Amino acid sequence: MICSQRKLALGRITVLFCAGLSMQPAIGAENRQLEEIIVLAQKVKENILEVPVSVTVIQGESLQERGATNITGLNGIAPNVILNDVLFVENGGKFSIRGIGFFDIDPLSDQKTQIMVDGIPHARNTGVTYDQVDIQRVEILRGPQGTLFGRGSMAGTVNYVSRTAADEPGVSLRLSASEYGTNRYVLTVETGPIFDGAVRGRLTGSRRTTDGYIRNAFNGNMLGNKESHNTRLRIDHETDFAITSFILYELEDSVAGLGLTNQVQDPYGISDGDVNLVNIDQDGFRNSSEQGFSVLSEIPLDIGYLALLANTHKSEFLTYVDLDGRVGLHPPAPLGFSNAPFHWGFDIEQEQESFELRYHNQESERWNLVAGVFLFRENVERIFHQNIGPPFSETLAFEDSFETALARQNTRSQAVFGQAGFAVSDTVSLIAGARMTSEEKSADLTDYPLPPPSPQAPVSRFTPSHQWDQPTWKLGVEIQPNEATMYYLTASTGYKPGGFNGRATLPENVGPYAAEHSISLEAGVKGTLLDKRMRFAFAGFTTEYTDIVGLIRRPTATGRGTESVSDNIGGSSIKGLEFESTWLATADLEFDFALGYLNAEWDSYNADLNGDGMATDNTHLAILMAPEFSTYGAITYSQEFSAGTMQYRVDVRYQSSYNVYGRSNEDLYFRPATAKVNASATWIWGDAGNSISVYGRNLTDRQVVSQALVGIFPVMKFDPPRMLGVELKLNF
């Protein structure tokens, strides 16, 4: 079946690629000089070489071309950064920056990497790996960003910057097809200036389908059958008083059969010889959606300008998975676990509103200032569903599951912040910033007994509330001895809010646990060489990460087994080096290179990891998602013809071995050192920039473990296989 899919995809690739080569309109020679990169790393538009922050910028085309559809397709490009999805929740983000990782999709738990869309926070890590459209660029800021970006930016910040509406009317069509029945269609319509040039509009719709590449041997179904829809409308309005953008978006995503690869009895995929063949009695599913509306406005003043960012956002998420991973004659479960089948699901509804008003001073040779206020409100509800089969349920289907727990939480957060830079001389500038955040959370946690004839546990209900007042700060100095070089030294802090355990069934498990903190000292240099044909950035850093929140085991209200809850478990020390460069060797040949080194060790880690009631010293464990080395290299070569341009690109992404579980040093839980190779060949023709690309991802077909989790048995997930595809882009 897989072979036939590959033959069909390759046939489509060959036909479309040959069709593209036959088109002959002329195209002028492309300007291959290094272009200035503008970022919003300090909430104002600045040249990346003048920002005292380690930041990687990835242009939005990389998210849409060469087979990448969401941010996980960029994994391995930024040094010391891992961009993955969550084991059971493929549109949930499991990110790690400089050895600080996060993967808990519990809606009562805040993320450690701040996710922003046009400067507006995306509070949950569910939904951050949806298919993305209309992205101009992605900025990955490494290190604490607590002063300007606030809560949840302890590890760093990922900011999606969307495209503005174009100055000319037009239509763009993007079609792609690849192996395993994966197809994508993106249609964009631009109005150009209308209503006397005051309004420009951009409407984009996309659809992606895939058949999946994992087969369930129990029933013959393909797992990971997916269909997603994405609609985005942007209206840019400009007057003498303000420049305002209105953005309306809606996303829907449905997956039939969760592709978790081999589980339980054969986590390595050795016995059947195929990591893409599983044997489970429930395929599972996931349905999710997001809707929202954003307003972005800049109001010029005589002494600067005001920026206003407002957003209302709603998301729904329902998933159902087979956690025991057994079928037929079940092998006995580990001690302390039931031998009954265990199928589990959760339903999450979330609403958030945010508002930010900030002031930027007028451009000055001496001063730059950013100051503002930020308000945030969130209501979230999560319902747990469980199905352990007869006699409690007629079947193992989700429809016959029963509710076991309900968790609600209201969050109110407000902050004031400011950051200033002052040039004490022509070459030296000082940086100082601070933020004060006040946050209140109130939760309502209810645990229900299992249905008869099981032993009836008492119904528990907890309504905790707590307030956290958290200051963060940044200090630094910049030295710019000449136009081509900038040195900097900064000390910065970040934090993740404390919270409650949405999975708790006993009062001592509810919390609250304390907020996490990080403080980082970073020294770096940025600049250009070779007559501005090479751009580089080098940084060294050390980070103290304290009050770390991690998962531990504690007894349940029923006294049967244990439950996984979050608590403060210790602290770690992290240090490392990062280097990035782009070099235009000739007008047609470009090299990109990045290197990251990371040394992350536990200072303290005292926790009960197995539920025996004894806290032990676990500082010997490897830190989750912290490879010692990460390397990225890419070569792009462009060849001009009278009919157009041929562009070839090859990139290699290497990460040394790292732990994917964090709670055991067994070989099972280590991802081996892995190099992934991607390549593409693109033909570009016509004044409109039409193109057709043939691409391959993971060309060496490296399928190694990417994630692991222990429920009743170890549950493993492996990287996707090699995928070949073609993409056609037409502009009218």
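This is a predicted model: local features need pLDDT of at least 70, side-chain atom pairs count only at pLDDT 80 or more; totals for chains, interfaces and linings use all residues.
Residues are numbered from 1 along each chain as its sequence is written, and side-chain values use heavy atoms, with hydrogens and water left out.

The chain contains 3 helices and 41 strands; these are DSSP runs numbered from the N terminus, helices being H or I of at least four residues and strands E of at least two. Of its 732 residues, 59% are buried, where buried means under 20% relative accessible area with a 1.4 Å probe, protein chains only. Among contacts (heavy atoms within 4.5 Å) with a separation of 6 or more, 68% join residues 24 or more positions apart. The accessible surface is about 29,200 Å², and carbon and sulfur atoms contribute 58% of that surface; the areas come from the Shrake-Rupley method with a 1.4 Å probe.

K112 occupies the loop between β6 (100–102) and β7 (113–117). This lysine is buried, with a relative accessible area of 5%. Its side chain makes a polar contact of 2.7 Å with that of Y545; such a contact is a pair of N or O atoms within 3.5 Å, one able to donate a hydrogen and the other to accept it, and residues adjacent in sequence count only if both atoms are side-chain atoms.

N599 belongs to strand β31 (residues 589–607). Beyond its neighbours within four places in sequence, N599 touches S573, I574 and K575. Its C-alpha atom is 9.4 Å from that of T542, which is 57 residues away along the chain.

The whole structure holds 18 aromatic pairs, that is, rings of Phe, Tyr and Trp (its six-membered ring) with centres within 6.5 Å; planes under 30 degrees apart count as stacked, over 60 as edge-to-face and the rest as tilted. One of them joins F285 and Y320, whose ring centres are 6.1 Å apart with planes at 40°, so the pair is tilted. Because F285 lies in strand β19 (residues 285–301) and Y320 in strand β20 (residues 304–322), this pair ties together parts that are 35 residues apart in sequence. Both residues, F285 and Y320, are buried. W602 and Y605 also form a tilted pair, with centres 4.3 Å apart and planes at 35°, and W602 and Y605 are each buried. A single aromatic cluster comprises F317, W344, F346 and F384.

Charges also sit over rings, a term requiring NZ of Lys or CZ of Arg within 6 Å of the ring centre and within 35 degrees of the ring normal. The charged end of K43 is placed over F149, 5.1 Å from the ring centre, and K441 lies over the face of W468 at 5.7 Å.

Methods. Buried means under 20% relative accessible area, exposed over 50%, partly exposed in between (1.4 Å probe, protein chains only).
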